[in-house]
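Subject: Structure handover and notes

Dear colleague,

I am passing on the structure we spoke about, with the sequence and the coordinates together. My notes follow below it, and I would be glad if you read them with the structure open.

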Amino acid sequence: MAKFSENNPLVYTVRNLCKVCYTCVRECPVKAIKIINGQAEVITERCIACGNCVMVCSQNAKVYFRSIDLVKDIIRSEHKAIACIAPSFPAEFIDIPDHKILVGMIRKLGFDVVTEVSFGADLVGKEYVKIFDNPDTGSVITSDCPAIVNYIKYYHPDLVKSLAPISSPAMAMAEVVREKYGQDSKVVFIGPCIAKKAESDCIDEVLTFTELREMFEKENITPDLAEGSDFDPPASGKGAFFPVNHGLLKSVNKFEGIGKGEVITAEGKSKFMEAIRNFEDDILSNQHLELLCCDGCIHGPGMTKRGSQFVKRKKIGEYVTKKLTGLNINDWERDINIFSSISLERSFSQVDQRISEPSREKIEEVLISMGRTSATDMLNCGACGYETCEDHAIAVVEGLAETEMCLPYAIEKLHESINELNNSNRKLADTRKALMQSEKLASMGQVSAGIAHELNNPLGIITLYSSILKDEVDKESQVYEDISIIDEQAERCRNIVGGLLNFARKNQVKLQECNIIDFVEHSIKSLIKPENISVHFMHDLYDPIIKIDTDQMMQVLTNLQRNAVEAMSDGGQLTIELKQKEGKMIINIIDTGVGIPSRNIEKIFTPFFTTKDLGKGTGLGLPLAYGIVKMHKGKISVRSNDNPEKGPTGTMFTISIPHIKE
Ligand code: ADP
Ligand code: MG
């Protein structure tokens with residue numbers, strides 16, 4: 001029906017309800033659902049209105065056009081409003097066991113006439129018998145299910161010629177009631193079907209059973225308030241059986257006998273599609289196809305979810321049996337004769353919606369982008385809504401799907417992001433630790449600088465007065481010796497104060513060009529070490545010229561080398577490595593000594609931290625090295641193992657300073 005278009009779709013998505021679970025993609029038999037911007041949208045021109053998506057959406061995000069207001073307009077109009085009820089009604093209104101009450105309730109809504117569509121089914125059934133009895137008729141496909149008709153028009157247009165050129169029971173009934181109650185009457189079909197809403201212009205409006213219940217509810221029409229009355233004529237016969245007999249033809253065949261050929265019935269999306277494929281491939285020659293899109297009309301999307309299929313079938317059976325018992329055959333035959341003059345002819349046109357399959361290269365490209373490169377990668381898990389990875393890739397090329405719909409791919413991406421996040425978390429934690437350490441050292445530096453500054457003057461005075469005193473006393477005397485000790489210790493204090501000032505970075509660097517290889521060699525030469533320690537110097541530099549404060553850097557090297565020697569009291573090997581990396585000069589000082597316990601690692605750059613005996617260590621060597629390296633805008637770090645069970649013990653200090661040339 002022309003009233004449905006892209007702007008006024010029959011089936012559509014309520015955007016904010018869609019949680020993009022892909023269930024509708026999976027259940028849509030014709031891939032008429034497209035994932036755009038994380039939303040499952042219905043492609044109107046591809047949709048056959050089977051209503052599968054409406055039934056499977058747990059979020060009620062797939063809905064269909066509601067006709068209640070239009071039906072109310074009809075009731076209010078001056079036209080006669082005629083309700084035609086589909087034969088599946090006993091399966092829906094299990095809660096209203098007496099059909100007369102239901103008829104009364106429908107009348108209470110304002111309908112002038114309430115009839116049964118199954119009289120239309122009786123007429124149509126007769127028409128099918130005529131076709132089958134005609135020896136010139138080839139195999140036909142029934143055309144009573146509007147979703148199947150759409151499916152054939154859109155996706156198997158070559159089979160349009162095989163569709164039985166006969167009106168559906170509802171269309172036939174619309175003609176009957178117009179003939180009987182006046183051509184300007186308005187006909188409202190009430191049934192379990194959504195596709196019916198777009199089947200034919202001869203039906204004015206279509207309500208689903210769900211909508212009918214909504215109307216009852218809104219207008220407070222309850223069974224106890226309704227006045228029971230029977231359906232208006234014409235009364236139907238065996239056509240009422242068709243919702244339980246696997247379709248119209250089976251009903252006709254059962255009661256009338258079909259001239260030639262077999263009737264194959266297929267209900268539900270996978271079965272009807274397979275049957276059509278086989279029919280197309282001539283596997284089902286000389287056989288008629290009775291196809292229903294849903295698992296029978298009693299499972300249509302316009303039914304509310306009440307009752308099991310067996311209860312539904314039983315209810316219809318009971319109703320029809322009762323009805324046939326009370327049927328006046330003469331009246332029925334008279335009516336059939338009266339209305340057999342109505343034309344039930346119908347024609348169909350092709351509306352080809354097939355998409356030609358994309359090229360192999362394009363499909364491969366998408367598969368590769370989803371990480372599906374080999375046969376074992378094709379998990380075909382179906383999570384995306386497509387049966388195979390290949391089908392998904394094809395849909396991506398056709399613009400119907402997105403690669404992100406692939407669950408294994410999304411999980412893989414998630415894992416990658418988690419790893420990245422973990423890495424940056426770890427880096428962040430390391431940086432935080434380093435920052436805390438350097439903040440601690442900076443504040444210690446400030447205190448140290450203050451103390452050193454204050455001590456410098458009194459120390460100068462002590463040294464000055466002790467040398468005056470020394471000049472005044474006899475060099476051989478005990479006093480002279482005592483003053484010398486004061487002098488020596490004062491000198492020691494001055495050295496410590498000097499070290500503190502260096503740590504506090506109160507001094508400036510005087511950069512001067514030097515050849516770092518010569519520089520390190522010189523430091524090694526001046527190193528005092530026992531025989532049992534060997535020294536190795538390795539360098540891998542393309543440019544040994546660098547600008548550093550040579551005096552201060554020499555102190556750094558000397559301190560680190562001395563520490564290394566002191567850690568190897570039983571002998572070992574001291575290795576000094578020079579490397580160049582990304583604009584940095586790297587100096588590694590490696591020893592095979594006792595190593596530093598991990599509990600001490602954080603303390604070693606703190607002024608006065610020493611593990612050495614009193615008088616042997618001041619705990620200022622590393623703080624000084626730290627200060628000087630910082631002044632060179634560099635970094636000093638340490639790696640150490642003190643546990644022989646974990647491997648050879650030893651320590652490596654790494655200094656990294658910018659390779660400045662200018
Ligand atoms: P000092 O050498 O005066 O003790 P440092 O600041 O030079 O002071 O070193 C601080 C402490 O760090 C040392 O007492 C020692 O415990 C530890 N240390 C430094 N270098 C090494 C090394 N190469 N091997 C083992 N321990 C070391
Ligand atoms: Mg030291």
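Helix α9, which runs over residues 209-218, is mostly covered, with 7 of its 10 residues counted as buried. Those buried residues are F209, T210, E211, L212, R213, M215 and F216. Please keep in mind throughout that this is a predicted model, and that every value below was computed from it. Just after α9, the backbone at N220 takes a positive phi of about 50°. Further along, P233 and P234 are joined by a cis peptide bond, for which omega is about 5°; P234 belongs to the loop that connects α9 with α10 (248-255).

Strand β7, residues 186-191, is also covered, since 5 of its 6 residues are buried and it is therefore largely enclosed by the rest of the structure. It pairs in the parallel sense with strand β5 (residues 81-85) over 5 bridges, and in that pairing K186 of β7 is the bridge partner of A81. β7 also pairs with strand β8 (residues 205-208), again in the parallel sense, over 4 bridges, where I190 stands opposite L207 in β8.

K31 has a phi near 50°, a positive value in a residue other than glycine, and it sits in the loop between α1 (23-27) and β2 (33-36). With a relative accessibility of 23%, K31 counts as partly exposed. A49 likewise has a positive phi, near 60°, and is not a glycine; its place is the loop between β3 (39-42) and α2 (52-56). A49 is buried, its relative accessible area being 6%.

A disulfide is a covalent bond between the sulfur atoms of two cysteines, and the rule asks for two sulfur atoms within 2.5 Å. For C28, the closest cysteine sulfur is that of C50, at 6.1 Å, which is too far for a bond. For C145, the closest is that of C293, at 5.3 Å, and this too is too far for a bond. C28 counts as buried at 9% relative accessibility, and C145 counts as buried at 9% as well.

The remaining notes concern pockets. Rolling a probe the size of a water molecule over the atoms shows where empty space is left. The largest pocket has a volume of about 1,200 Å³, and 31 residues line it, those nearest its centre being A434, K635, I636, S637 and V638. At least two lining residues come from each of α16 (407-472), β14 (572-581), β15 (584-591), α21 (621-631), β16 (635-641) and β17 (650-658), and the largest share, 8 residues, is supplied by α16. By class, this lining has 12 nonpolar, 7 polar and 12 charged residues.

The second largest pocket holds about 1,000 Å³ of space and is lined by 37 residues, with N563, E566, T610, K612 and G617 nearest its centre. This pocket, too, lies between domain 4 (425-504) and domain 5 (512-658), because both of them give residues to its lining. The elements that each supply at least two residues here are α17 (478-503), α19 (550-567), β15, α21 and β17, and α19 provides the largest share, with 9 residues. The lining of the second largest pocket divides into 15 nonpolar, 15 polar and 7 charged residues.

With best wishes

Methods
Residues numbered from 1 in each chain as written. Chains lettered and ligands numbered in written order. Predicted model: local features only at pLDDT ≥ 70, side-chain atom pairs only at ≥ 80, totals over all residues. Heavy atoms only, no water. 1 Å grid on protein atoms, 1.4 Å probe; cavity = no way out; pocket = protein on both sides within 12 Å on 5 of 7 lines; lining within 4 Å. Points joined across faces, edges and corners; volume = space filled by probe spheres on them. Nonpolar A, V, L, I, M, F, W, Y, C, P; charged D, E, K, R; others polar. Domains from an automatic or database assignment. Buried < 20%, exposed > 50% of the residue type's maximum accessible area, 1.4 Å probe, protein only. Pairing = 2+ DSSP bridges.
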